[in-house]
Amino acid sequence: MADFPSSLVSSRNLRRILPWLVIVAAAVVLPVVLPPFRLNLLGRFLSLGIVALGIDLIWGYTGMLSLGQGIFFALGGYALGMYLQLDTLEPGQLPEFFGLYGVKSLPAFWQPFNSPVFTFFAIWVIPALVAGLLGYLVFRNRIKGVYFSILTQAALLVFFNFFNGQQKLINGTNGLKTDTAHIFGVLVGSDGMQRNLFWVTVLLVIGAWFLCRWLTTGRFGDALVAIRDDEPRLRFTGYNPTAYKTVVFAVAGGLAGISGALYTVQSGIVSPQFMAVPFSIEMVIWVAVGGRGTLIGAILGALLINFAKSLISEQLPETWLFIQGGLFLLVVTALPDGLVGWWRQGGPGRLIAMVGLPQRSLTYPALDLDPEVQAEQSQFDAQGSESQGSKGGAQ
Amino acid sequence: MDLLYETLFNGLAIGSVLVLAALGLAVVFGLMGVINMAHGELMMLGAYTTFVVQNIFKAVVPEVLFPIYILVAIPLAFVVSGLVGLLLEKTVIRRLYGRPLETLLATWGVSLILQQFVRSVSSAFALGLLVTVVGGLLIPRLTPKSWWQQRWTPILGSGSWIGSGLVGIVVASVLGQQRVFDQPWFSARNIDVTAPTWLRGSIDVGAVNMPTARLFIIALTAVALIGVTWFLQKSVWGIRIRAVTQNRSMSNCLGIPTEKVDALTFLIGSGLAGVAGVAVTLLGSVGPNLGGNYIVDCFMVVVLGGVGKLAGTVLAALGIGVLSYLIGSGSLLLVWPAMPAGLNELITFFATTSMAKVLVFALIVVFLQVRPAGLFPQKGRMVEA
């Protein structure tokens, strides 16, 4: 033991390194251990973690509840889907579905998607631009709170209608299939390719996490939290909330685009169902269950809820909507900070204390665990969270 | 010219349903600042109430009385949806006061539950639910009072609900063995309400053909509007509602029971959704997903109309309804055949129901650039106007 430099084994460093070791180990081991179907599910749900991170940025940190992230998610998915459709073809051919609607030549907006470089940027730049434009038009009028939420939902419905109705442009309600397409000469739906995509997803989730952490610490992050807690005061201090909100909404849109592209290649199809109204609200509940305002909570929430959904829908499909509805109710009334928030605020300790086991206390047990002191403490906490909540939400 | 009138008439009928549906939403939003995502499902409950009333009339009541079943269904739908709304307010929305975004999510959860409830409710299911609710409410009364002042009381509380829930599931699945109990009441399929004969014909005014059902919807909307206006302007509780809408804390100081006002407003708003549900049954078949078709339009009405006046809601709803119908049915071209070529192509591109929504939404966003707070904004001097 004495030979090791003490800084490496100190418990603080170990705590810092251990999660990464676990992640690397899991990323190496899981593709070998899991059957391809389960691995594919895990990859899909991980990619949904990226869109959840974006929602956490705009809702958990900035206090804007967007019910329309599906727009950007689907735009990213369609960008990659269009490229894959074209990439598989011989020169001069058209994607098969165009024949059904009597379209003779490729619509102009498909042309750039012949280029892999353009597509690489389009996946995240187009959703970010659309989000930025939509956000700017809404934020500059100081439309916020519930108004913002229902406007984003209406925008979502509008995009859904557009993509659903335009057979001749984008194959309408059938969507674009990607699992029979080829990427770099390999079938997208093949097991080997799916394993590679899993690793790409893991890397991108980690990258997105670092991006979000970089954004939420430091001045920019402070400004976001200030917008959530008291926007007029920030404005009176000389900042321009519109710029911050537009930027962060665009970032969330870009993340949603990447997430959608990854989800598309792993599920084998992109269709207007990505823009269905319930799906976008579901995304919000992943963040809420995991813990808004905590980045890791968004990813964990996405994984947890989606695995629960796929398990329950396999066994008892009828009950899933009840459970989901119950989750919405439970998480906003009983767990406003989500599972990660509950954990960090000492929730498990309190639960153990309820059944009478001794609780670890910061000061003397006689003082800390006195019912009167605890009652005062919880009252104080409740007031704190209430005033925070009303500031964050009431407009 | 007659074509124009006929198109306008049809648009007006569609807009009237929207007025009915959005009225309750707008009043509640103005008062409490919450958007009720389950509003569409309350409409659906109204529609299903109409269906049940119709079946009861067919089975039990003498045939002579069948034509008036719709008049019975309207107040009943109001009561059913209103009571469900009241329950929602007392159990969920009240706890989330001052947190509108959380309320939005919670009511969405309620809407999911209501949708699936209508799909899977059967006698066994309903009895199991009854057992659960009775059990959960009775356990605290039947157990020693001292149990409910311990530190493990929260665990006991949730445990008693979970326990009675499990008993309820057992009851439901045991009863579900019997065919009689397992039969779903409505199932996931759409249901059809047969309009009574006096609502099936049409009236010709000049060359304009007006279906009676649509006339009835317009009349129903007018009556509901007059009723709500009278209630808000003249009745004591209406005046209290307006006072709380304008300034909640001051009203509270002056002795207005704001909690009761909230509950009452929510009941009325939900009841109006139920009446809108009755109107929807006259337009076609309805299903558990009925709410989703109307709810986003209703939100747009609230955004466009502003929360200051009822007139804003009415104007916005009629505007959106008529415009969507005009564009979506493609009748703009028929009315104005000599349209310039460029505009002509544009209008044809948008001439389906779903594409009309695209155009109308774009117009709303443009309008909000000029008037961000809607047609009739609430005037005040707050920072957060």
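Me: Which residues does A:Val284 touch, not counting residues up to four places away in sequence?

Reply: Start with the rule: two residues are in contact if their C-beta atoms, placed from the backbone, lie within 7 Å. A:Val284 touches A:Ile55, A:Trp59, A:Leu65 and A:Leu67, plus B:Leu105 from the other chain. This is a predicted model, where local features need pLDDT of at least 70 and side-chain atom pairs count only at pLDDT 80 or more, while totals for chains, interfaces and linings use all residues. Residues are numbered from 1 along each chain as its sequence is written, and chains are lettered from A and ligands numbered from 1 in the order in which they are written.

Me: How many residues are in the largest nonpolar core, and which have the most contacts inside it?

Reply: In soluble globular proteins, nonpolar side chains tend to be buried together. A residue is buried if 20 or more other C-beta atoms lie within 10 Å of its own, exposed if 12 or fewer, and partly exposed in between; the C-beta atoms are placed from the backbone. A nonpolar core joins buried Ala, Val, Leu, Ile, Met, Phe, Trp, Tyr and Cys residues through C-beta atoms within 7 Å. Here the largest one has 199 residues, and A:Ala52, A:Val284, B:Ala22 and B:Val301 have the most contacts inside it. Helix α1 (residues 2–32) of chain B gives the most to this core: 16 residues. Helices (H or I, at least four residues) and strands (E, at least two) are DSSP runs, numbered from the N terminus.

Me: How many residues of each chain are in contact across the interface?

Reply: Chain B brings 42 residues, in contact with 45 of chain A. On the chain B side, α4 (100–120), α6 (153–175), α12 (290–305) and α16 (353–370) each supply at least two residues. α4(B) gives the most, with 14. By type, the side of chain B that touches chain A divides into 26 nonpolar, 10 polar and 6 charged residues. Nonpolar means Ala, Val, Leu, Ile, Met, Phe, Trp, Tyr, Cys and Pro; charged means Asp, Glu, Lys and Arg; the others, Gly among them, are polar.

Me: What is the span of helix α13 of chain A, and what covers its buried residues?

Reply: The expected span of a helix is 1.5 Å times one less than its number of residues. Helix α13 (residues 295–315) of chain A has 21 residues and reaches 31 Å from first C-alpha to last, close to the expected 30 Å. Its buried residues include A:Leu295, A:Ile299 and A:Ile305. Their cover includes α3 (36–61), α9 (191–216), α12 (277–290) and α15 (338–344) of chain A.
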